[in-house]
Each structure stands twice: as C-alpha cells, then as structure tokens.
Amino acid sequence: MLVANRLPFRRIDAGTETTWIPSPGGLVSALAPSMADTGRLAWVGWAGDIDEGTTPGTVLSAEVVVDGATLYPVPIDAEEKRLHYDGMSNGTLWPLYHDKISPPEFHRRWYDGYRRVNQRFAEAAATVAAPDSIVWVHDYQLQLVPGMVRELRPDLRIGYFLHIPFPPEELFVQLPWRQTLTAGILGSDLVGFQTPDGAANFSRLAAALGLAARHNKSTLELESGRRVQVRAFPIGIDSERYDEGARSHQVTDATRDLRARLGQPHIVLLGVDRLDYTKGIDVRLRAFKELLADGRLHPSQVTMVQVAEPSRDAVDAYVSLRGQVEQLVSEINGDFGRVGFPVVHYVHRSQSHESLLSLYRAADVMLVTPFRDGMNLVAKEYVATRYDETGMLVLSEFAGAAHQLKSAVLVNPYDIEGVKNAIVEAVEMAPDEVRRRMRSMRRAVKKNDAAAWARSFLDSMPAQAQPALG
Ligand code: ADQ
C-alpha cells in the first residue's frame with residue numbers, strides 16, 4: 001500500500017455529484033503505471049480538497065475505487081493545509097532541502113500541524129493495511145509517518161522514499177526538530193533516495209545525531225538492534241507511454257501545427273516546469289535574453305516556449321517568482337519581439353499529456369536548468385519522446401537526472417556564461433553528435449523506467465517484518 005501526501009486523483013465535489021480527475025505531478029506519473037500492474041493498487045492520501053465537516057478523530061473518509069485503484073482519502077481542513085502543507089512542508093522543508101535557494105522559515109505552529117497531520121496519515125495506514133503487508137511511504141510531507149506506523153503496527157514492513165534531495169548534515173541540523181524528523185524516517189526498514197549523495201547525507205546525519213551506527217555501506221543499526229537499509233533508487237518514467245504517444249498521428253499532426261503557429265522558426269527552445277524557484281526558469285530566460293542581445297542567437301530564427309504549471313500559490317516565494325518570470329518574459333518580448341512574433345511564448349497553465357508530447361516533439365533544444373532537483377522527470381520525458389534520435393537536452397548538473405543522462409550538455413545553473421555557451425552548443429551541435437548522445441540517453445531512460453524503479457525498491461524490502469525491536 002502506498003502512503004503519499006496526494007492521492008493520484010483529485011476529488012471534485014459539485015453539489016450532489018463527486019468526480020475524480022487524475023492529479024498531475026512527478027510522483028503520480030512515476031508510480032501509477034508501475035503499481036497498477038502489480039495487482040490491486042491501494043493508496044492512502046489527501047484528495048486535494050478541504051474537508052471542514054469531518055468529526056474530530058476521523059482519520060479516513062469513505063474509500064472509493066477509481067480506475068482500479070482503491071483510494072483511502074485522509075481528511076484535511078483549511079488550517080491543517082496551511083500549517084502542514086503550505087507551512088512546514090513547503091515553507092520549511094522544501095527550501096531547506098533545496099540548498100536554501102529561498103530562506104526556510106521555522107515555526108513551532110507549523111511543526112505542530114505537521115505532526116498532527118502525519119499522525120492522521122499513520123493511523124489511516126495502520127487502519128487499512130493488510131496483516132504483514134508492505135506500506136510504502138512517500139516524500140518530505142510525511143517524514144514522521146514511518147515511525148508512527150511502526151508504533152501502531154509492528155507487523156508491517158515499512159519503506160520510505162524521498163523524492164527531493166536530502167541535504168548535507170550542516171543544513172539539516174538547523175531544523176529545531178532534527179531529532180524527531182530523522183527518527184521518524186528511521187522507523188522504516190528501507191529508506192530510498194534519488195541519488196547516492198542523498199543516501200550518504202542521511203546515513204551520516206543519523207550517526208551524527210546519535211540515532212544509528214553504520215553497520216556496513218548501506219545499512220544502519222539502531223540501538224535496539226533493528227537494521228535500516230539506506231540506498232539510492234533513481235526514479236524513472238513510463239518511457240514506453242511517452243515513446244508510443246510521441247509516434248501517434250495525433251501528436252505528429254499537433255507538432256506540425258505547433259511549429260506552424262510559432263512561425264516555423266529554425267530552432268525551438270523549450271522549458272516545462274512547475275512554477276518553482278528551484279527549477280531555474282529565470283536562469284534560462286536571462287541566458288536567452290543575453291544571447292539575443294549579444295547577437296549569438298537571432299530572434300528571426302530562434303523561439304523559446306516556456307510552460308509553467310501553477311504551483312503552491314499560497315506560498316509567498318511562489319507569488320514573487322511568478323512576478324519575476326513574467327517580468328523577464330515581457331522584457332525579452334519588448335526588446336526582441338515583433339508584433340505578431342513574440343520570441344518567448346509563455347503559458348502559465350497545466351497541459352494535457354498530448355500537448356506535452358507535442359511540445360517535446362516540437363523542441364529542438366530542451367532546457368532543464370534547476371538549481372537543485374531530486375531527479376527531474378521532464379528531462380527523461382523529453383528524451384523518451386525523441387524516437388528519431390534528434391533534439392538536444394541542456395541539463396543542470398544539480399538535477400538527480402544528470403547521474404543517468406550524462407550525454408546531455410551539462411551546465412552549472414549558477415554560471416550564466418556557462419548556460420549561454422551550453423545553449424549555443426546544443427543549438428549548433430552536428431546531427432551525428434546529437435544522434436550519438438540521444439541514443440545513449442534513450443537507452444538509460446528506457447532501462448531505468450518507472451516499473452524497474454518500483455520493482456527494485458519493493459524487491460529490496462525485507463522478506464518479513466523484523467522482530468519488534470523498536
Ligand atoms: P517535481 O518537482 O514536480 O517532482 P518533475 O520531476 O519535473 O518535478 O515532475 C513534474 C511532472 O509534472 C512531470 O511529469 C511533468 O510532465 C509534469 N508537468 C510539468 N509542467 C507541467 C504542465 N504545465 N502541465 C502538465 N504537466 C506538467 C518531484 C521532485 C523531482 C522528482 C519527482 C519524482 O521535485 O525532483 O523528479 O518528484 O520523484
């Protein structure tokens with residue numbers, strides 16, 4: 001059973017009728033396909049709506065089966081969302097774990113809300129998990145859940161996977177709740193990270209806080225004698241779905257239309273991200289602007305498309321980022337566009353799967369320039385759609401994906417000259433070189449797909465529960 005902050009479907013209540021629509025996002029796109037074919041998929045999580053009328057003490061609202069998955073919705077009210085999700089998760093942990101690109105805030109009330117919501121998730125999971133089964137907990141919003149589930153149900157095997165980077169000890173120890181948050185994760189039998197660095201940071205931290213001793217390279221031993229495995233499991237995508245979708249007639253036609261609507265530019269540059277300050281959207285816009293100003297790229301030949309999915313707009317840092325990005329887009333168009341021919345096409349909306357595919361297919365160069373990113377699925381999705389081995393990826397070396405996509409043009413997003421040079425290198429790369437590099441990236445994406453990732457994590461779980469050692 002999966003336990004994640006969000007269910008894979010969002011509940012929409014319209015009067016008497018309730019509908020469930022797929023909710024987008026990295027975790028959902030990676031997990032849904034791989035888990036669906038392992039049998040009956042059960043998922044404990046928040047349905048994305050605000051639950052005000054629930055009786056205090058209720059940990060689950062009515063279960064529902066959608067597309068073969070059994071969903072167990074955990075009710076969350078507006079105040080809990082503010083404290084747990086907007087506050088502690090996205091105002092404290094997210095910025096801290098992403099190298100403090102935006103300053104994290106530490107508030108006791110946020111943490112209290114976080115603990116309360118984590119307790120509810122743990123009780124919900126403990127209520128519905130089958131005897132001796134596996135509970136797989138996901139991500140930074142639920143760090144206390146493994147420890148809480150272990151208290152309630154020692155018969156279960158507990159896995160935990162962190163989708164975002166795990167920071168160096170020096171950053172993590174600033175957290176006033178460092179001890180409980182680390183102990184919470186250590187409630188697991190198996191802890192997975194996107195990269196070996198994340199795993200090493202966590203093991204070092206657990207030892208430094210006196211919570212565990214290292215037994216061997218990937219095993220921690222707690223004082224009770226219980227063992228916790230700590231390893232990297234780089235997440236993948238359902239590459240076949242992207243590859244097949246990209247080859248379809250609909251997407252081929254839509255791609256042709258799209259390039260025509262863009263004015264048949266010689267080169268299309270593309271960015272696709274949640275609108276998040278970690279993603280370096282501003283970096284690539286600045287680099288593009290300077291390249292146009294320097295005359296190294298020409299507005300008559302090169303067009304950029306930036307699609308930004310609305311995200312976390314209740315958090316101040318996201319509101320100000322939106323302002324910055326929109327300011328940059330309008331400066332570039334003001335300086336270099338002509339009436340009817342903007343040089344940057346910017347969309348602040350979620351896209352359908354088919355539109356994303358045609359954007360990826362229309363792009364000659366994909367720009368993925370985060371300052372820090374656990375993995376970055378967009379980079380892998382782009383590669384999966386390039387079945388004809390064309391197109392080049394400019395990729396930040398600080399995205400987990402850089403470990404697998406070594407043939408991309410790798411950049412340091414803090415080095416604006418380096419980003420500019422990388423964009424020009426990708427634009428001018430000889431077709432043979434592009435083909436060679438894309439072929440190697442496609443091999444990596446295909447081999448480490450979402451199903452392989454989930455299988456490898458689940459296969460690494462202990463065969464049976466460890467004795468109740470604490
Ligand atoms: P995210 O930070 O959300 O995920 P990412 O890995 O890029 O980042 O996944 C975003 C997903 O949303 C992709 O599947 C993408 O196609 C989709 N998406 C982006 N913009 C969209 C738009 N405008 N419309 C529709 N869909 C859009 C977190 C971590 C990542 C990690 C994933 C999975 O921050 O580092 O890769 O979890 O573990």
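**Reading sheets, ligand contacts and a cavity**

Me: How many bridges join strand β4 (residues 41–46) to strand β6 (residues 69–73)?

Reply: Five bridges join β4 to β6, and the two strands run parallel. Two strands are said to pair if DSSP finds at least two bridges between them, while the strands themselves are DSSP runs (E, at least two residues) and helices are runs of H or I with at least four residues, numbered from the N terminus. Within this pair, W43 stands opposite L71 in β6. Before we go on, please keep in mind that this is a predicted model, in which local features need pLDDT of at least 70 and side-chain atom pairs count only at pLDDT 80 or more, whereas totals for chains, interfaces and linings use all residues. Residues are numbered from 1 along each chain as its sequence is written, and side-chain values use heavy atoms, with hydrogens and water left out.

Me: What order do the strands have in the open sheet of ten strands?

Reply: Reading across the sheet, the order is β5-β6-β4-β1-β7-β8-β9-β12-β11-β10, and the pairing is mixed. At the edges stand β5 (64–66) and β10 (212–216), each with a single partner strand, so one side of each has no neighbour in the sheet. Neighbouring strands of this sheet are turned by 30° against each other on average, direction ignored, where axes are lines fitted to C-alpha atoms and angles run from 0 to 180 degrees between N-to-C directions.

Me: In which sense, parallel or antiparallel, do strand β11 (residues 219–222) and β12 pair?

Reply: They pair in the antiparallel sense over three bridges, and E221 stands opposite R227 in β12. The hairpin of β11 and β12 has four residues between the strands, and G225 takes a positive phi near 100° there. A hairpin of two residues joins β10 to β11. Strand β12 (residues 227–232) also pairs with strand β9 (residues 190–193), in the parallel sense over four bridges, and the bridge partner of V191 in β12 is V230.

Me: How many residues surround the ligand, and which are the closest?

Reply: A residue is near a molecule if one of its heavy atoms lies within 4 Å of it. Here 24 residues surround the ligand, and the closest are H163, Q351, D373, L377 and E381. An oxygen atom of the ligand is 2.6 Å from an N or O atom in the side chain of D373, and the distance is likewise 2.6 Å for an oxygen atom of the ligand and an N or O atom in the side chain of E381. With G374, a polar backbone atom is 3.0 Å from an oxygen atom of the ligand.

Me: What lines the largest cavity?

Reply: Rolling a probe the size of a water molecule over the atoms shows where empty space is left. On a 1 Å grid over the protein atoms alone, a cavity is a set of points where a 1.4 Å probe fits but cannot get out, and lining residues have an atom within 4 Å of a point. The grid points are joined across faces, edges and corners, and a volume is the space filled by probe spheres set on them. This structure holds one cavity of 30 Å³ or more, and the largest cavity has a volume of about 30 Å³. Its lining is made of N5, W46, I76, K81, H84, Y85, V117 and F121. The elements giving two or more residues to this lining are α2 (78–97) and α3 (108–128), and the largest share, three residues, comes from α2.

Terms used
1 Å grid on protein atoms, 1.4 Å probe; cavity = no way out; pocket = protein on both sides within 12 Å on 5 of 7 lines; lining within 4 Å. Polar contact = N/O pair within 3.5 Å; in protein donor to acceptor, adjacent residues only side chain to side chain.
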